[in-house]
Amino acid sequence: MRQFSDAHLAALGVLVLSAGLAVWAPRRHPGRWVEWAARLLALVIFVGWAGEYVADVVLGTWTVRYSLPLQLTDAVSAVSILALVTRRMVLVELTYFWSLTASLQALLTPDLSVSFPNVYYFTYFIYHIGAVVAACFLVLGRGLYPRPGAVWRVYATTLGVAVVAGIGDLLTGGNYMYLRRKPVHNSLLSLMGSWPWYIASTLLLGLGLLFVVKLLTDRWVHAFAAQTQADR
């Protein structure tokens with residue numbers, strides 16, 4: 001899929017509009033509808049995520065080397081669904097930091113060889129956009145801000161997911177979490193050196209991005225608190 005094609009730009013447009021609404025609406029119009037909206041968003045993410053596996057089976061492309069739920073995207077999708085339904089803070093934190101780093105990067109540089117109206121275009125963008133919207137909804141919209149130490153908890157969990165993916169790679173010969181080779185299409189990993197050095201570079205970059213998200217969130221919280229105080 002050519003980056004920034006019309007179909008790609010359309011998906012990014014949906015992302016911006018949906019994320020903005022997810023922040024604005026719960027703050028401006030709180031109420032019981034917010035709980036129903038959370039469940040609906042969880043269902044949308046599930047449909048996109050599960051729909052991709054259904055498409056693999058129906059189209060005969062499912063394979064143990066490429067289709068097991070061992071990508072970080074799978075963890076993000078599962079966690080975001082649970083976070084929307086339960087609002088448990090550990091799940092909210094994982095959704096927030098993973099979505100605004102890994103999922104956002106996947107949306108900007110999608111590892112996708114098809115475009116609109118292919119079914120994988122819809123499944124890919126539905127669950128990636130859904131996860132980012134969920135992050136904005138839960139944290140910036142509903143005010144479930146990450147707790148102290150969240151960055152390190154998320155980072156440790158990410159390493160744990162990578163270990164599981166690495167074991168999956170060894171057992172299947174796959175390339176889950178791109179631990180054996182870079183994506184076919186251009187992405188941020190294309191700038192991170194050759195194997196295995198890009199893995200070490202990505203570990204450092206990932207930690208840096210988590211702290212950037214934390215810094216921007218702290219500024220958002222302070223700015224919103226100041227605005228709220230001024231409105232009073």
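In helix H2, the buried residues are Val-34, Ala-38, Leu-41, Ala-42, Ile-45, Gly-48, Trp-49, Glu-52, Ala-55 and Asp-56 (buried: under 20% relative accessible area, 1.4 Å probe, protein chains only). The model is predicted: local features need pLDDT of at least 70, side-chain atom pairs count only at pLDDT 80 or more, and totals for chains, interfaces and linings use all residues. Residues are numbered from 1 along each chain as its sequence is written, and side-chain values use heavy atoms, with hydrogens and water left out. Helices are DSSP runs (H or I, at least four residues), numbered from the N terminus.

An α-helix has 3.6 residues a turn, so residues three or four places apart point the same way. The cover over the buried residues of H2 includes helices H1 (6-28), H3 (72-86) and H5 (119-141).

Gly-60 follows H2, with a positive phi near 75°.

The second largest pocket has a volume of about 430 Å³. Of its 21 lining residues, Ser-18, Leu-41, Val-44, Ile-129 and Val-133 are the closest to its centre. H1, H2 and H5 each give two or more residues to this lining. H5 gives the most, with eight. The lining of this pocket holds 19 nonpolar residues, two polar and no charged.

Notes:
Buried < 20%, exposed > 50% of the residue type's maximum accessible area, 1.4 Å probe, protein only. Contact = heavy atoms within 4.5 Å. 1 Å grid on protein atoms, 1.4 Å probe; cavity = no way out; pocket = protein on both sides within 12 Å on 5 of 7 lines; lining within 4 Å. Points joined across faces, edges and corners; volume = space filled by probe spheres on them. Nonpolar A, V, L, I, M, F, W, Y, C, P; charged D, E, K, R; others polar.
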